[in-house]
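Hi everyone, thanks for coming.

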Amino acid sequence: MFEATQLNRRNETTQKLFRLALGGMTGILILPVILILGTLIWKGAPVISFEFLFTGPTKGMTAGGIFPALLGTILLVLVALLASVPLGVAAAIYLSEYAPNNWFTRAINLAIINLAGVPSIVHALFGVGAFVIFFKFGTSILAASLTLAIMTLPVVIVATRESLQAVPEAFREACWNMGATRWQTIRRVVLPNAVTGILTGVILEVSRTAGETAPIMFTGAAFFLPLLPQSVFDQTMALSLHLFVVSTQVPNMPEQLPYGVALVLISLVLLMNSLSIALRMYLRGKKKW
Amino acid sequence: MVIAPPQGVTTTERPVKLGVAGLRIRYGEQTALEGVTLDVYEHEIFGVIGPANAGKTSFLKAINRMDMFNTDMHVEGQITFNGLDTRKVRNVYGLRRRIGVVFPLPVGLPLSVYDNVALSPRLRGEKNRAELDVIVERCLRRAALWDEVKDRLDTLGSMLSGGQQQRLTIARALSQDPELLMLDEFSIAVDPVTTMRIEDVLKELRQEVTIILVTNLVQQARRLADRTAFFLDGRCVEVGVTEDLFTGEVQDQRTRDYVDGRFG
């Protein structure tokens, strides 16, 4: 009674075909990743050495290391995070937990989405106008980081808000019914359960911040500096801009050096990501529902 | 046990815990419940029965002033708790603390068993560990759960079985030291044996607290409630001594039809 009819067989064949096609598409998807990483490691790895990582460039940047740029990128990311994470998380908590559902809230949400769509070069010009000129920070780490922070705020806000909204409403109601205030509920029940999602947002932000070139070009990143920055009001070199410079702006560049810079940049991002992912897994292991 | 006075007789000797007069609840333009006027006496189990969509849950939410958290929900009329108008209470958080709520589906907060029960005392500012230990044990015992969880107070509340979780939420509600306990169809997600155990717990609790029992099981109301209100399609059709709804005089024939299982 279970013989396959012609229709059954046809369905089976179609199903196999689609499975193959969908799997194939997915395979094509990972191809660029493998190619990029492969090329970078293949060509860049020989350049990497202790000296490359921890000394400054010499001979018009055609030799020596990338330490000022590496340090600069780390500084830029850290200062940007310091500005955008508290701001973004606070805004997201307000929007998700407190804001009434009215036209004003919807307008804010729309603004955030639009902010995410603004091209980075426009952010750069905004940064020049606002931070470099108006606030008189000059071209500095602070100005560049704040520009990056503004640019990545939507990522933090959206990720945080989504993870807050993923916490079941029943948890909040149970807590409110006990006589907890909104803040007590947020503090004791909502936030602890949203932390993993918030970290995901921060991870995304780190990756984007570290790699951006346009927003920092005019606001704080320098072509070449003989000295390391002494404060957030100094300019700095940065990996992304350095990569652009050594790839296109300097004659007689050894072929492998740009690959080395790119490899360091991508490793830095991957390293920060893995740290955050590890932290996230640790927190998730501690709390589950 | 005190027998509630018959319908229509004014009561002077029984103190009113909760007074409801001309209550109307609407969500936007949609009326969920209207025309509710009733009193809940101290230390009684007050049953609320009725089919789905009768407005039973909204009734509980209004008592607890949950409309504060829902801009869509509007409550008209008067609800008094210990004679005080709940709309005029300055400290609504204090009001809610005196009212424990148990939901249809157990809401095991993603905390350990211990922290679930200790949450409410902690919200009140209790930090002393020894004091918390005492409260947690007392509440878990009263909810008939202590023996089953005393060796694993650190496990997540959500890892307990459904019936245990429901008793955990009762323990959590009791940790508020409530004067009024409201249960919303607590037996929906609970097996019959656990239901019976919880019912026994409620009978014991009647000595100390006033209980409003919203239930979709008319027999449960009959077993437990001193008096019962019948809600239908957003209206309070009948309030009376529970047994009267089943065997005595009813004001509205639909009440008898419902308790006899002819609809709903």
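**Helix packing in chain A**

Let's start with H6(A) and helix H8 (residues 182-211) of chain A, whose axes come within 8 Å and cross at roughly 150°. Before I go on: this is a predicted model, where local features need pLDDT of at least 70, side-chain atom pairs count only at pLDDT 80 or more, and totals for chains, interfaces and linings use all residues. Residues are numbered from 1 along each chain as its sequence is written, while chains are lettered from A and ligands numbered from 1 in the order in which they are written.

A few words on terms. Helices (H or I, at least four residues) and strands (E, at least two) are DSSP runs, numbered from the N terminus. Axes are lines fitted to C-alpha atoms, for helices over the stretch in contact, and angles run from 0 to 180 degrees between N-to-C directions.

So how do H6(A) and H8(A) lie, roughly parallel or roughly antiparallel? They are roughly antiparallel to each other (under 35 degrees is roughly parallel, over 145 roughly antiparallel, 65 to 115 roughly perpendicular, the rest oblique). The crossing is right-handed, that is, the near helix is turned clockwise from the far one by less than a right angle. Among the residues of H6(A) that meet H8(A) are A:Leu148, A:Val155 and A:Ala159. By class, this contact of H6(A) with H8(A) has 10 nonpolar, 7 polar and 3 charged residues. Here Ala, Val, Leu, Ile, Met, Phe, Trp, Tyr, Cys and Pro count as nonpolar, Asp, Glu, Lys and Arg as charged, and the others, Gly among them, as polar.

H8(A) has another partner: H3(A) packs with H8(A) at an angle of about 140°, with the axes 9 Å apart. That makes H3(A) oblique to H8(A). The crossing of H3(A) and H8(A) is right-handed. On the H3(A) side the contact includes A:Val77, A:Leu81 and A:Ile93, and on the H8(A) side A:Ile186 and A:Val206. The classes here are 13 nonpolar, 3 polar and 3 charged residues.

Staying in helix H3 (residues 67-98) of chain A, we find A:Leu75. Is A:Leu75 buried or exposed? A:Leu75 is buried, because 20 other C-beta atoms lie within 10 Å (20 or more is buried, 12 or fewer exposed, in between partly exposed, with C-beta atoms placed from the backbone). Not counting residues up to four places away in sequence, A:Leu75 touches A:Ile141, A:Pro229 and A:Thr236; contact means C-beta atoms, placed from the backbone, within 7 Å.

Helix H10 (residues 239-248) of chain A is mostly covered, with 7 of its 10 residues buried. Among these are A:Leu239, A:His242 and A:Val246.

**The core and chain B**

The largest nonpolar core has 144 residues, and A:Leu76, B:Ile211 and B:Leu213 have the most contacts inside it. A nonpolar core is a set of buried Ala, Val, Leu, Ile, Met, Phe, Trp, Tyr and Cys residues joined through C-beta atoms within 7 Å. Helix H6 (residues 141-165) of chain A gives the largest share of this core, 15 residues.

Where do the chains meet? In all, 19 residues of chain B are in contact with 17 residues of chain A. On chain B, helix H2 (92-97) and helix H3 (113-123) each give two or more residues to that side, and H2(B) has the largest share, 4 residues.

Key:
Contact = placed C-beta atoms within 7 Å.
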